[in-house]
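Biologist: Please put the model up. I would like to ask about it one residue at a time.

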Amino acid sequence: MTAAHRSPEESTNDGEFPFTTADFRAIADLLYAASGIHLADAKATLVYSRIAKRVRKLRLESFRAYCDLLRSDPDHPEHAAMLSALTTNVTRFFREPHHFEHMTSDLLPPLIAKARAGGRVRLWSAGCSAGHEPYSMAMTLLDAFPEAARHDIRILATDIDPLVVEHARRGLYNDGDVEPIAAPLRSKFMNRAGSGWQVAPALTELLSFGSLNLMEDWPMRGKFDAIFCRNVAIYFDEPTQTRLFTRFAERLTPDGRLYIGHSERSLIPQLTSAGLTIYRLKGAA
Ligand SMILES: C[S@@+](CC[C@H](N)C(=O)[O-])C[C@H]1O[C@@H](n2cnc3c(N)ncnc32)[C@H](O)[C@@H]1O
């Protein structure tokens, strides 16, 4: 039986805390309003396992009490904790490698020429999770253009979850994390730090990190030559995806590119395909 077919007061599981369909809906509604993330009924078990930890930590006796706490105080710090608990932050270095190959072969040559001529180049990793994506972008850029830091080139990396942004900013990874990085890039851009790895200062110099909810206003000025927003929109419903891609289209330079995840599609008329899960503005180069 799905959550939608149960009575709102019926418990959806036999766990440590009572968890009703109404509790699931309340949490799903709060998450949707805060982040645009849509939770299908099938995610009830996931919500239970991730939020039960929060209920326990706050020493509450039920999910009902947890929902009441959140609804009674929109500024309660638990809103951020709930968001961190429910976002999926899975990522890895050079995920979907064809995007980085495309960066090297198609995106970067005209951008390097633009930067050398004194132009401004801006790349954005929107939904950067723990930093693997923006550091992969920075490694690809520096590999093609070692003197990038002497030009007006920056990579912005943002995520709604401040915990992953902090991880990204620290730039510390373990052996398993760095495995997908090709050996020549790893030896150039990753330094041994205890039992792990620290990203080289050459990468951090190019990057700015920040918390940003894609559903809210974007404070950045200027347009982007490339936006990577991969495996983020998949968690949104279709109207939310359409709104987001429309806003990205408004933020692309005329020659800019939007890179999205392997199971995502843009259907907005302003964008047209420029490769596998890569888009450009219609009518532009
Ligand atoms: C699965 S990870 C993808 C990370 C990376 N882009 C990649 O492809 O490996 C999705 C990320 O999107 C972030 N996210 C979800 N909703 C968001 C929103 N409304 N605004 C900004 N980031 C969001 C999550 O916190 C999470 O870190």
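Modeller: A term to begin with: helices (H or I, at least four residues) and strands (E, at least two) are DSSP runs, numbered from the N terminus. The model is predicted, so local features need pLDDT of at least 70 and side-chain atom pairs count only at pLDDT 80 or more, while totals for chains, interfaces and linings use all residues. Residues are numbered from 1 along each chain as its sequence is written, and side-chain values use heavy atoms, leaving out hydrogens and water.

Biologist: Where is Asn 231, and why does Asn 231 count as buried?

Modeller: Asn 231 is in the loop between β7 (224–229) and α11 (238–251). Buried means under 20% relative accessible area, exposed over 50%, and partly exposed in between, with a 1.4 Å probe and protein chains only. Asn 231 counts as buried because its relative accessibility is 12%.

Biologist: What is phi of Phe 94 near?

Modeller: Phe 94 sits in the loop between α4 (78–86) and α5 (97–116). Phe 94 is not a glycine, yet its phi is positive, near 55 degrees.

Biologist: Which residue has its backbone oxygen 2.7 Å from a polar atom of the side chain of Thr 140?

Modeller: Thr 140 belongs to helix α6 (residues 132–144) and counts as buried because its relative accessibility is 6%. Contact means heavy atoms within 4.5 Å; beyond four places in sequence, Thr 140 touches residues including Phe 94 and Leu 108. The backbone oxygen at 2.7 Å from its side chain belongs to Ser 136.

Biologist: How far from Asp 23 is the nearest side chain of opposite charge?

Modeller: Asp 23 is in helix α1 (residues 21–35). Lys and Arg count as positive and Asp and Glu as negative, with His and the chain ends not counted, and a salt bridge is a side-chain nitrogen of Lys or Arg within 4 Å of a carboxyl oxygen of Asp or Glu. Asp 23 is buried and has no salt bridge. The nearest opposite charge is on Arg 64, at 4.2 Å.

Biologist: How much of the ligand's area does the protein bury?

Modeller: An oxygen atom of the ligand is 2.8 Å from a side-chain N or O atom of Arg 95, and a nitrogen atom of the ligand is 2.8 Å from a backbone N or O atom of Gly 127. Accessible areas come from the Shrake-Rupley method with a 1.4 Å probe; for residues, only the protein chains shown count as cover. Of the 600 Å² that the ligand exposes when taken alone, the protein buries 99%.

Conventions
Polar contact = N/O pair within 3.5 Å; in protein donor to acceptor, adjacent residues only side chain to side chain.
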